[in-house]
Amino acid sequence: MTHAASPRTYVIVLLALLALTVVTTVVAHIDLGPGNSAVAMLIAVVKMLLVMLFFMHIRYEARLTRLFAGAGLLWLLFMIGLVMADVLSRNWR
Amino acid sequence: MPEPTHALAEQFDDLEQQRQASTIGMWVFLATEVIFFGALITGYTEYRASYYQAWAAASKHLSVVFGAIMTILLLSSSFTMAMAVHFARLGGRKRLALCLLLTILLGAVFVGMKFMEWHDHYQRHEVPGMGFEFPGPNAREAQLFFSFYFAMTGFHALHMIVGIGILAVLTGLALLGRLAPPRHVPVDIAGLYWHFVDIVWIFLFPLLYLVDLHHK
Amino acid sequence: MSSKTVEPVSETPVNYLNASFGLRSWLLTIDHKRIALLYLVTITLFFFVGGVFALLIRLELLTPRGDLFTAETYNKLFTMHGLIMIFFFLIPAVPAVLGNFLVPLMIGARDLAFPRINLLSYYIYAVGGTFTMYSVVAGGVDTGWTFYTPYSSTYSNTHVTAMVIGIFITGFSSILTGLNFIVTIHKMRAPGLTWFRLPLFLWSIYATSIIMILGTPSVAMALALVAMERLLHIGIFDPRLGGDPLLFQHLFWFYSHPAVYIMILPGMGIVSEIVPCFSRKRIFGYSFVAFSSLAIAVLGFLVWGHHMFVAGQSIYAGIIFSALSFLVAIPSAVKVFNWTATLYKGSVSFATPMLYALGFIGLFTIGGLTGLVLATLGLDIHVHDTYFVIAHFHYIMVGGMVMAYLGGIHFWWPKITGRLYPDSWGRLAAAIIFIGFNLTFFPQFIVGYLGMPRRYHVYPPEFQVLNVFSTAGASILGVGYLLPLLYLFWSLKYGAKSPANPWDATGLEWMAPSPPPTQNFPVTPLVAWEAYEYEKREVPVA
């Protein structure tokens, strides 16, 4: 049996997630230039990590589980990275 | 304590092996789901980079308040799901069923709100391919935005509905006492799926609702 | 383990084939061995359907004029040949048939981790196949197997939607099979069977499964978007409506390039089993062969853009993709060198499976090296969309993968059926296939290099001689493929009963009886030896 987090932890995580939702909504209304997209994505990644680490028990699972959790994300980066490498440089001369 | 044999499938040697196999199996499946939604996000990224102004204008046609409330609902449902897993491991039959029901309820309200939102878009002629209308010079690019909006939220809602179905079955099993340890693993597995669907929305919310809000 | 005893032949012990009878016991089975046989039958069917399309294509190309089919019919023929062969034969063949049968046996397990999901994945495959066959029967598809947009999404008047749905569904069969193998290889190995004691077939099946689970969803989504675009005319990939057709090609090739490694990696695994057995030697450089499979699986995901060099992709992205494509040659060459080194000073014998394995090594090398020609940015512009490309990938897919598949079928046939086939017939068929294959496809390298484009039903008369060679070769190849069907069928009833280990091979699967009982092993085996310990064996009794 793996050890999981306590209900207390879950409550704290939930509060953090809700706070981050408010923050991301408010920040979106402030002009940060290109920074807006970056902040929005950064907050989303933090929220994802919170859910994965605590709700999905990645903190307590075997390394192998983390490997597969990471593999999907890494492959997504391959996809977005190489597609955007094409899209962004298509009109260079 | 001798392990109850009926909880153990024939191909496994012990319950821990079975639990690990199921958990890894679900994570492998979620990796495929990452790529499934990832293909949409890749397309989204390309067009957002190419048509930023038009997409920002189209995004303003979505209700941020609505989106934020839906986000809060879904995050809360992830919390109740985590509690369901917690009680399943402890063997609390009624508390498990209650948490599952709450999760279903929050999820159902989310899907209901999504349908309401789609209905609004339909009435405002914002559904691509069905008499799409958009003011200004960028109607073509705005239609692309809404195509991605409907594809992303549509596939997400489909996953929600499947999840609600799974949780409904589990609630029934929980009430019948068929999810008492060591047979609680299905709750763990369903929980992983539910949290994943939540994570997808965590990204969809800023991608779709929060593009360039500071410009009027 | 070293002593070999022939089992008493008088009465048949209970095995997975005679454990229960009736259609139900087969169609609802959760025994991985029976599911493997369900796949074997279905896949063989698709192979011959795809083969008929291939023969029709070669018949049309016998003469330079389009005198047998119209251009439209010809478009449908090559499209359906490609779709059926790739999605319904090449991709599932080795994993779903031999992988399903062998993975639990090779690791000393009773079954896969999720037997019900295994059966489900067969039925998903069958449903996808049904949609596809509906599309074929209703009039076919003319987009080419690549479904390039906006032709497929906007302009083609053929049955694209049904076909796309069929491929989409079949993709989930592939995903579930890969998922099952990954979990099984991680979690169900017999005690003592460490990763570096695994047969190399399992390393390649594992690498294949990685590609299946991480690649397939991308093409599924791309095809779903094509279907949506056809239904609603929303123009996600239509430049008239602001869409980017290259986005489809990216999402399509993100899967479909790695998919060629789904097709070839299991073949490499089979060769890695056969070569040591018929050289009576441990494989040379075990860990290099093992890790090269994983390297191919990962690198294979970073090279897809070499299909798009002339499609309008950024030239800078093209340079990156070209450079990365060369990298894949390294692990592939590592494997070829290691097989060759295994042969060196081995006691090589030439039974049927070994003939196929040797054929694989030679033909794969030719196919692989011509792949480097195509990965070269400048050179590709000259040979792009010519018969040079056709010849290249048929050397990999048919010369490589189909040879390996047949080698594997012949190697494990005694284990699967409990019967021996006539080896002389086997060797004859292997020779015919080798000759027929080279006669079919080598002329295509030349005719392609001279400039004959692919996908046309007419061509300039000066190419006719080479095309006649090719069609003649295809007829010989067709005979070659029918022969195993006949004598393998014959062996089911008249073949001699096989002992547990007819080749005196290493590997846990040979320790189970032939055919194995439903439970595979009466007691879970304890593995205390390394893989391929052929040198430590006694000289086989004649």
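**View 1. Side chain of T29(C) and the backbone of D31(C).** In this predicted model, a polar atom of the T29(C) side chain lies 3.0 Å from the backbone nitrogen of D31(C). T29(C) sits in the loop between helix 1 (23-27) and helix 2 (32-60) of chain C; helices are DSSP runs of H or I with at least four residues, strands are runs of E with at least two, and both are numbered from the N terminus. T29(C) counts as buried because its relative accessibility is 8% (buried: under 20% relative accessible area; exposed: over 50%; partly exposed: in between; 1.4 Å probe, protein chains only). Apart from neighbours within four places in sequence, T29(C) is in contact with R24(C), R34(C), I35(C), L38(C) and L119(C) (contact: heavy atoms within 4.5 Å).

**View 2. Interface of chain B and chain C.** Here 33 residues of chain B are in contact with 38 residues of chain C. The two chains bury about 3000 Å² between them, with 69% of it on carbon and sulfur atoms; buried area is the accessible area (1.4 Å probe) that two parts lose on being put together, summed over both. The rule finds 12 residue pairs in polar contact across this interface, both residues at pLDDT 80 or more (polar contact: N or O atoms within 3.5 Å; within protein, one must be able to donate a hydrogen and the other to accept it, and residues adjacent in sequence count only if both atoms are side-chain atoms). On the side of chain B that touches chain C, helix 1 (15-50) and helix 5 (139-175) of chain B each supply at least two residues. Helix 1 of chain B gives the most, with 18 residues.

**View 3. Salt bridge between D13(B) and R110(C).** The count between chain B and chain C is 1 salt bridge (a side-chain nitrogen of Lys or Arg within 4 Å of a carboxyl oxygen of Asp or Glu). D13(B) forms a salt bridge with R110(C), and their closest N and O atoms are 2.9 Å apart.

**View 4. Aromatic pair of Y47(B) and F148(B).** The ring centres of Y47(B) and F148(B) are 5.5 Å apart and the planes stand at 70 degrees, so the pair is edge-to-face (rings of Phe, Tyr and Trp, the last by its six-membered ring, pair if their centres lie within 6.5 Å; planes under 30 degrees apart are stacked, over 60 edge-to-face, the rest tilted). Y47(B) belongs to helix 1 of chain B and F148(B) to helix 5 of chain B, 101 residues apart. Y47(B) is buried at 1% relative accessible area, and F148(B) is buried at 2%.

**Notes.** Residues are numbered from 1 along each chain as its sequence is written, and chains are lettered from A and ligands numbered from 1 in the order in which they are written. Local features need pLDDT of at least 70, side-chain atom pairs count only at pLDDT 80 or more, and totals for chains, interfaces and linings use all residues, while side-chain values use heavy atoms, leaving out hydrogens and water.
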